[in-house]
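Thanks, everyone, for making the time this morning.

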Amino acid sequence: MAKEGSAIVIWKTALILWVIVGFWGCTRQTEQRAVDLTVPVTVKPVEVGTIEDVVSTTGTLRSVRVANLVTEIRGNLSFSEMAGRSLKNGIRVKKGQVVARVDNPEWVIGVRLESKKLARDTAQKTLKEQEVLFSKGLTTEKEVENARKAWQDAVSSYEDAEIQKAKTEIMAPIDGVLSEVSEITQGTLVNQNVVIGKVVDYSQVLVDLKIPNAQIGKIALGKEVRIFNFAFPDVIFKGEVSAIDPVLDENTRTFLAIGTVDNPDLSLRPGMFVKADIVSETHQDVVLISRKLLQRRRNEQVVFVEEEGLSQQREVKTGLENRERVEIISGLEPGDRMITSNYETLRPRTRVRITGQDN
């Protein structure tokens, strides 16, 4: 029985060794076939560049400033020569420019601008005379002070009259363009506090951007904003984040960021719907590759490069990425020959034949 048991043990041991040798031989043949197989590939030298992390959203433009043109007194409306017979939308105006007048002779008489001007000039002359007499010892200091007070009162009265007289003129409060002009004809009797139009300043435009709560850490004052509108498909308008609302909308869980964008040629118009990118981070002079070249093998991100006619698998760490490219923090160096075709079928040390180079 002992001899039979020993024979069985020897037989089993031999069988196990035969299986191991056979498996090893198959593995070696598989590896040899993988090495012997030559795969045609294209390559491209690894380059450096700039990549950005952006938060994309949409918004509506509004002008940076708007001011109403309002009548301050009752009277007959007349238009200045710059506007012709009627005010028109789109006319550019400067701050302080008279765009219309309200004719009210009774108001002008009540202001008494000329008489108050004469009173001011007379009071000024009297003050100078009193100062000369005081320097010669011919009057008292009290008389000089009285003359000075009279002159200051006269100046204040005249300045008030000027303000009242100015109410007959409707002036542009800011630089801008006329908008929402009412259809009032020349000579129409208008009441006080009637809005006859607006002046819109859109040399800069504001854009209200609603940002998801998850992106709050990426948005800060001064971050670059780029806006796009379908009317100008090849133009990027640049500005910056100028205000951030600290309170989130309870319904949408978004917060409001306001971008300010220069618009010197007035191409952008208030009310336009735009797409917007807020640049939250920029990395310059970093290794960049196409996203499609990045693969995942055994839960590791890898790429393939060509070295001496063989494919080499490189584990890489990534940084910023966009729709087309990804930043490589480690694992690749500028000048490495990235394999850009047939990389899906490659294994480490697969023999490759270069058929071309990607641009």
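Leaving aside neighbours within four places in sequence, glutamine 295 is in contact, meaning heavy atoms within 4.5 Å, with Glu300, Gln301, Val302, Phe304, Tyr343 and Glu344. Before I go further, please keep in mind that this is a predicted model, in which local features need pLDDT of at least 70 and side-chain atom pairs count only at pLDDT 80 or more, while totals for chains, interfaces and linings use all residues. Residues are numbered from 1 along each chain as its sequence is written, and side-chain values use heavy atoms, with hydrogens and water left out.

Glutamine 295 belongs to strand E14, residues 295–297; strands here are DSSP runs of E, at least two residues long, numbered from the N terminus. With a relative accessible area of 13%, glutamine 295 counts as buried, where buried means under 20%, exposed over 50% and partly exposed in between, using a 1.4 Å probe and protein chains only.

What does the side chain of glutamine 295 pair with? A polar contact of 3.1 Å joins it to the side chain of arginine 297, and a polar atom of the glutamine 295 side chain also lies 3.3 Å from the backbone oxygen of tyrosine 343. By polar contact I mean a pair of N or O atoms within 3.5 Å, where within protein one must be able to donate a hydrogen and the other to accept it, and where residues adjacent in sequence count only if both atoms are side-chain atoms.

Let me turn to two backbone details. Arginine 253, in the loop between E11 and E12, has a positive phi of about 55° although it is not a glycine, and at 52% relative accessibility this residue is exposed. Arginine 349, in the loop between strand E19 (337–339) and strand E20 (351–357), likewise is not a glycine and has a positive phi of about 70°, but it is partly exposed, at 48%.

Finally, the packing. A nonpolar core is a set of buried Ala, Val, Leu, Ile, Met, Phe, Trp, Tyr and Cys residues joined through side-chain atoms within 4.5 Å. The largest one has 23 residues, and the members touching the most others are Leu61, Leu209, Ile211, Ile219, Ile227, Leu268 and Ile278. Strands E2 (47–70), E9 (195–212), E10 (224–228), E11 (237–244), E12 (254–262) and E13 (273–290) each give two or more residues to this core, with E9 providing the largest share, six residues. Apart from this core lies another, of 20 residues, among them Phe79, Ala100, Val102 and Val181.

Notes
Helix = DSSP H or I, 4+ residues; strand = E, 2+ residues; numbered from the N terminus.
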